[in-house]
Amino acid sequence: RGNKEVYDLMIVNTKWVFCPYCGKKTRVKVQANTILQNFLLFCPWCKKEFLIDLKRFEITLVQEIHK
């Protein structure tokens with residue numbers, strides 16, 4: 001029973017990461033306490049890759065990766 005309460009809290013405190021270019025949902029989901037630095041984010045919609053930093057659901061674009 002205690003595990004379900006923890007699981008419910010995790011779901012409430014999670015959000016999808018959206019593409020900084022097209023604004024659509026990516027396949028990455030993070031929690032409120034997640035910190036990413038130089039994370040390679042791929043958007044399946046616009047097929048672009050980005051290096052991002054993320055802290056408290058705030059995304060900072062570091063660099064767009066050109067192929």
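Six bridges join strand β3 to strand β4 (residues 49-55), and the two run antiparallel. The model is predicted.

**Pairing of β3 and β4**
- Phe-39 has Ile-52 as its bridge partner in β4.
- Leu-36 is bridged to Leu-54 in β4.
- A hairpin is formed by β3 and β4, with six residues between the two strands.
- Lys-47 lies in the turn of this hairpin and has a positive phi of about 60°.

**The sheet**
- β3, β4 and β5 make up an open sheet of three strands, in the order β3-β4-β5 and with antiparallel pairing.
- The edges are held by β3 (35-42) and β5 (58-65); each has a single partner strand, so one side of each is left without a neighbour in the sheet.
- From one strand to the next, the twist averages 25°.

**Thr-14**
- Strand β1 spans residues 14-18 and includes Thr-14.
- Is Thr-14 buried or exposed? Thr-14 has a relative accessible area of 19%, and buried means under 20%, so Thr-14 counts as buried.
- Leaving aside residues up to four places away in sequence, Thr-14 touches Lys-29, Val-30, Gln-31 and Phe-57.

Notes
Residues numbered from 1 in each chain as written. Predicted model: local features only at pLDDT ≥ 70, side-chain atom pairs only at ≥ 80, totals over all residues. Heavy atoms only, no water. Helix = DSSP H or I, 4+ residues; strand = E, 2+ residues; numbered from the N terminus. Buried < 20%, exposed > 50% of the residue type's maximum accessible area, 1.4 Å probe, protein only. Contact = heavy atoms within 4.5 Å. Pairing = 2+ DSSP bridges. Axes fitted to C-alpha atoms, helices over the stretch in contact; angles between N-to-C directions.
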